[in-house]
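Let's take a walk through this structure, starting with a couple of residues and ending with the sheet. Keep the view open as you read.

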Amino acid sequence: MCSLPRRCRLLLLLIALAAPMAARPAGAQSGDRSGVADAFLVRQDNSDCTNSDVKADDPSRIGGTVQVTRQADGKLRVKIAITAAPDTTYHFFLKCVRSLGDVKTEDEGQGAAEFELSADGAPPVLAFDMYPEGAPSGQKFQSTSVKLP
């Protein structure tokens, strides 16, 4: 039972990141969240560079969330919370641009990571993908598209 507190913390992190997305339409920005954009990570093997065909309409395929925040210095902070395969390292990418780093899941499949990148040269519509080494089918995730905050 020692993993229960860690599992609860990660579940709460996932809920905290997903709650603002459920409360407003995709792409909507309001009030103090004008520098924040949210996306879902959807289990899907491939898509184009903007993930134009990735939809979060089937909850059984959603494996996590991505939150992009524009910092005061103009950089973008990308926070990820996932529930996926246990004890697995997922490579996380700004789609068709570059690798951002790795997200490691724990023994019950929860993982979280945070990355920072320059907004200079970033495409106006961001898309992310994530997969483990060898990119096995069914273990790849694509994000819903994110308009640059």
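Contact here means heavy atoms within 4.5 Å. Bear in mind that this is a predicted model.

With that in hand, find Asp 87, which sits in the loop between E3 and strand E4 (89–94). Leaving aside its neighbours within four places in sequence, Asp 87 is in contact with Thr 105, Glu 106 and Asp 107. Glu 108 is worth a look too: Asp 87 and Glu 108 are 21 residues apart in sequence, yet their C-alpha atoms are 7.6 Å apart in space. Is Asp 87 buried or exposed? Its relative accessible area is 59%, and the cut-off for exposed is over 50%, so Asp 87 counts as exposed.

Now move along to Arg 98, found in strand E5 (residues 98–104). Arg 98 has 41% relative accessibility, so it counts as partly exposed. Setting aside neighbours within four places in sequence, Arg 98 is in contact with Phe 93, Glu 116 and Leu 117. From Arg 98 to Phe 128 you cover 30 residues in sequence and 9.7 Å in space, C-alpha to C-alpha.

Time to zoom out. E5 belongs to an open sheet of eight strands with antiparallel pairing, in the order E5-E4-E8-E9-E1-E2-E3-E6. E5 and strand E6 (110–117) are the edge strands, each pairing on one side only. On average, neighbouring strands of this sheet are turned by 20 degrees against each other, direction ignored.

Definitions and conventions. Residues numbered from 1 in each chain as written. Predicted model: local features only at pLDDT ≥ 70, side-chain atom pairs only at ≥ 80, totals over all residues. Heavy atoms only, no water. Helix = DSSP H or I, 4+ residues; strand = E, 2+ residues; numbered from the N terminus. Buried < 20%, exposed > 50% of the residue type's maximum accessible area, 1.4 Å probe, protein only. Pairing = 2+ DSSP bridges. Axes fitted to C-alpha atoms, helices over the stretch in contact; angles between N-to-C directions.
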